[in-house]
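Visitor: I have a model to look at and some questions about it. Could you take me through it?

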Amino acid sequence: MQAVGLVANPASGKDIRRLAGKASVFDNREKLAIVRRAVIGAIAAGATRFVYMSDSHGIVKQAIAETTIPRGVRFEALPSSGTASAMDTIVAAEQMAQKDCAVVLVLGGDGTNRAFVRGWQDATLVSLSTGTNNVFPVMAEATVAGMALGLVATGKVASRSVASQAKLIEIDIEDEEQDIALIDAVITRDAFIGAKALVDPSQLKEALLCRAEPAAVGITSLGGLVRPVSDQDDFGLHLTFGEGGRQLFAPMGPGMFSTVNIGKTRLVKFDQVVRALGPSVIALDGERERVIATGQRIEMRISRRGPWVVDLAATLLRAAKRKIFLRTM
Amino acid sequence: MAKNITNKTLIDLHACMVRIRRFEEEAGKLMEDGKIPGALHLYVGQEAVAAGVMAHLSNKDQITSTHRGHGHVIAKGGQFSPMFAELYGKSTGYCKGKGGSMHISNMALGILGANGIVGGGPPIAMGAAFSNKFRKTKQVAVTFFGDGASNEGSFHEAANMAALYQLPCVFVCENNGFGEYTRQTNHQAVTDVADRAAGYGMPGVVVDGMDVMAVYEAAEAAIKRARAGDGPTLLECKTYRYYDHVGVRGMGLTYRTDEEVDAWKQRDAINSFEAVLLKQGVLTAKKIENVYARADEEIKEGVAFAESSPFPTEEDLLEDVYFVGATS
Amino acid sequence: MSEALKEGPRMLPYVSAITEGVRQVLQEQDNAFVAGEDVGQAGSVFGYYQGLLAEFGDRRIVDTPISEKGIIGLGVGAAATGCRPIIDVMFMDFLGECMDEVANQMAKMRFMFGGGATLPVTVLTMAGAGMNLAAQHSQSWEAFLAHLPGVKVLMPSNAYDAKGMIIAAARDDNPVFVVMNKMSLAMQCEVPAEMYEVPLGKAAVVREGTGFSIFAMGRMVHEALAAAKTLEGLGVDCEVVDVRSIQPFDSETAVASIKKTHRALVVHEAVRFGGFGGEIVAQLQEEAFDYLDAPIARVGAPFSPVPYSPALEKLYIPNAERIVAEVKKVLGI
Ligand SMILES: Cc1ncc(C[n+]2csc(CCOP(=O)(O)OP(=O)(O)O)c2C)c(N)n1
């Protein structure tokens, strides 16, 4: 049987948006509890093999230790990168790709999923949100997510029948490694990565969005409230910011509204190249990630070469129709 | 966030970290050479925290520090001469030689003391914050404490009261992974001290304590929030001390590997900040050199001042136990 | 090396005598364990639990968080329910963090419960100045503890007593504090390998004399002995009594000494005002007034916190010279 991958990011849900955005800290005991429930759900659906990232806080390891595991169920810890950074997730993803994981549970926010996809671009994911400012992962009960993991891993529900491939942005930075974003890439006037979150609208220069969701917070909503673009649309949106255009009143972060000057908006086709030039800081999926030097060139393009995302409702609906959880006496 | 940060601020942050680093390196040497008595708990490795937080405080704002307090004192405006004099136990020191490293303080700079008692600071900072609110000033009190100290009841009581009274207080946990020789995983069941904030009804934030700009931005938000009357914040900075718990080499116990220490040094706050400032043209190699040279000059002066200063005398022994004179 | 092959007495430093005492208690009592900050892997910052973790495992050598209130509470709760905890409070000064657990719980529980609870808990802690550790790492608070009905307080001045007192304390069914001295850790004396007790409530006459009695506590015993030597040169034959047990206090030995010498001085490292010396003086005037030929002198630290500066700390800590000076004053020489 194929394995279920487990990734829990200990660092998610603790950044400066707790302050700026009036959100509460997402504590690691709760993440541990979510992993427990997901594992229990997956085992209930028949999963017997798990492979997990050895996160720096031992979330998954401890979750397993605190769960009664039936005989025959195996867990394999992947060697950690030991950096206690996003590199842990990237390295774990690379290893999971080698380990024949049918589907991976990713606990974290957009940033965690982005890191995972950097390591394994076309993975099949069940992504649960452990933060506030997320577009890619969903809010769902972990037990149900676990059931879906088990159904897909055992093949009781065919992965391709319930998962769809997501869009992503590929970013080429001159003289540097390629990067990606799952939702948005923003060019800012900042000079530093600092505390990462994007909260000051006056720093924004331009943004490329795979998804412009009006029913979300953050950069995606800036596009979404002007020209919505859904996950299903085979194109993206390019926005410029600055005086002279329209003023948008939008939630830059959870519980945090700002007036943002919107310049031009245009739709971009798949693989159409969008260029930018340093100096700037590029923010990916809501977090300032890289300092771009003066004159350094950036090229970005949107495609549907992203990860496969499991639709939890569709998966459980199939299981119901096939009476997978029904036992006759 | 960090909107329009000026080059001056960046240069000051850098200089502050360098001054702390050099002071501590020198103090460590002087202790190991037997010139400074007692026990020094050195701050090398954690400079970004003191620098990033203190950049948002004026002399009017208060801090409480810890046994590992030199960095806080320097970042809050402490001068090398009276600091070295204090470490030497001389009468010209910040505490007339009576306190030493673990009690170094200066009320004019808003430093309510380093502290020999782990967890001694948070209740005092909470009290100062209460006073700030009571007196309707816009002062903020910041308390620094370690991951180890977050297990003392004093921290929990102070956090609860600060949140209850919505006090202008910022709790800065410098999580360097150890309380003395005990690793964090062996002294608490949580991995992020910031998780505890939720239990007191205040925001909890984790930042990279090896990144001065990350600390700077997070501290800015927390201190602004406190100053605006919106209550306390628990800000956890993940950092590391390069030296032993006491002194440089300390007791020579093996409780961590050289590889672990080296991995953290790879992320050294000063080196990485210098790299960015060079890349952005804010500083040049020459200017950086000058910063170190100036710090070394200050050290030379400070040590000479300390060495030539007199020791306190017998009359000083019974002085300062009580306030004597007209009531203020 | 076999013991028999070794020549001469078995000399052991104070620090190793502590280790040996604790080890033997752990071997003797299955329900004894050590708990405290950095007692396990680090073997205590003073080094006296070195090797015990390897020998007894982490069930019996328990590293705790920096939570003194919790640590003493752990000792009280465990002692009341069938364990015999040995609790370590790294520096005596840190008792400030847990004084409620000590004063309002540990000391009173048995009495308040009408004798219902028994608390066989031993607390090992380190007192004393002399290392330039300043006001919060140098204090001698034995009088604080002795003022609490319900706890016993011992002060070993040497390696032999350190081991024997730890064993006696651990075998006692009451809360017992063993207040040790950080300046004495390297000090050696003969220490038998086998288990033995230094009985609670027994002072020791460490130097016999007929002309003057010096009652000394903790490390001051050695200063008193040095003073006695100097005074001998001046024709004063001093008796030095190591008080050893603060609570219970051995007034019998004290009175017997006064009956012989008729003049006395008490010395401790703690602040003189309100120090335990005052209690000794009071008891002697109650019980041996008729034998006293002069007021009893007291030597202790001045009424200030312990200063950091080496220049001041030197002046602060009582020493042989100060004892000699006070004795001379009493004798008018
Ligand atoms: C009340 C109290 N208990 C114990 C100690 C001994 N001690 C001094 S520093 C220290 C470790 C503190 O750890 P942490 O708070 O994490 O700060 P760090 O040393 O790592 O900076 C301990 C246990 C003390 N000084 N005070």
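Visitor: Where is the place of B:Gly38 in chain B?

Guide: This is a predicted model, in which local features need pLDDT of at least 70 and side-chain atom pairs count only at pLDDT 80 or more, while totals for chains, interfaces and linings use all residues. Residues are numbered from 1 along each chain as its sequence is written, chains are lettered from A and ligands numbered from 1 in the order in which they are written, and side-chain values use heavy atoms, with hydrogens and water left out. Helices (DSSP runs of H or I, at least four residues, numbered from the N terminus) are the landmarks here. B:Gly38 sits in the loop between helix H1 (7-32) and helix H2 (47-54) of chain B.

Visitor: Which residues is B:Gly38 in contact with, leaving aside its neighbours within four places in sequence?

Guide: Contact means heavy atoms within 4.5 Å. With those neighbours left out, the partners of B:Gly38 are B:Met31, C:Met131, C:Asn132 and C:Leu133.

Visitor: Is B:Gly38 buried, partly exposed or exposed?

Guide: Buried means under 20% relative accessible area and exposed over 50%, with partly exposed in between (1.4 Å probe, protein chains only). The relative accessible area of B:Gly38 is 24%, so this residue is partly exposed.

Visitor: What is the area buried between chain B and chain C?

Guide: Buried area is the accessible area (1.4 Å probe) that two parts lose on being put together, summed over both. The contact takes 40 residues from chain B and 32 residues from chain C. Carbon and sulfur atoms give 61% of the buried area, which is about 2800 Å².

Visitor: Which residue caps the N-terminal end of H7(C)?

Guide: A side-chain oxygen of the capping residue lies 3.0 Å from the backbone nitrogen of C:Tyr160. The residue that supplies this oxygen is C:Asn158.

Definitions and conventions. Polar contact = N/O pair within 3.5 Å; in protein donor to acceptor, adjacent residues only side chain to side chain. Helix = DSSP H or I, 4+ residues; strand = E, 2+ residues; numbered from the N terminus.
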